[in-house]
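Some notes on the model follow, as numbered points. Please read them alongside the coordinates.

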Amino acid sequence: MSRFIIISFLILLTFIVSPNQTLAETPLDVYMNDFYSKSNKASKILKEIEITLKEGSRKNVCSRQREAAMLGLLANKSLIKAFEIGGTEPPMEAIKTSQKRWESILNEC
């Protein structure tokens, strides 16, 4: 019985003394996750539009295209913010190219 009490006390002491690490996301993680989720959603919408057009329908194409473009533009902003938080220089050439692509998709309809 005393052995049980000693082991329980040691386990309890271990949990009290050991540092507790919070598993919260850092601001960098938040912006990177936002970038990935928005860019993936925008790409998915564009693929759905492509399938719809191949099937011969133009139903809601422009509105869906605008939605994808807006998500892509927001994703770029999140990526830039993530680089700023990370303290590194963002690849502005690639981001500007992406920005132009999303803006052209937005303005095509």
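1. The accessible surface of the protein is about 8300 Å², and 61% of that belongs to carbon and sulfur atoms. Accessible areas come from the Shrake-Rupley method with a 1.4 Å probe, and for residues only the protein chains shown count as cover.

2. This is a predicted model, in which local features need pLDDT of at least 70 and side-chain atom pairs count only at pLDDT 80 or more, while totals for chains, interfaces and linings use all residues. Residues are numbered from 1 along each chain as its sequence is written, and side-chain values use heavy atoms, with hydrogens and water left out.

3. The secondary structure consists of four helices and zero strands (DSSP runs numbered from the N terminus: helices are H or I of at least four residues, strands E of at least two).

4. Of the 109 residues in the protein, 20% are buried (under 20% relative accessible area; exposed is over 50%, partly exposed in between).

5. Helix H2 (residues 27-54) and helix H3 (residues 61-86) have axes that come within 8 Å and cross at roughly 160°. Axes are lines fitted to C-alpha atoms, for helices over the stretch in contact, and angles run from 0 to 180 degrees between N-to-C directions. H2 and H3 are therefore roughly antiparallel (angles over 145 degrees).

6. Asn 60 is in the loop between H2 and H3. Its phi is near 60°, a positive value in a residue other than glycine. Most residues other than glycine have a negative phi. Asn 60 counts as partly exposed because its relative accessibility is 47%.

Definitions and conventions
Angles under 35 degrees count as roughly parallel, over 145 as roughly antiparallel, 65 to 115 as roughly perpendicular and the rest as oblique. Buried means under 20% relative accessible area, exposed over 50%, partly exposed in between (1.4 Å probe, protein chains only).
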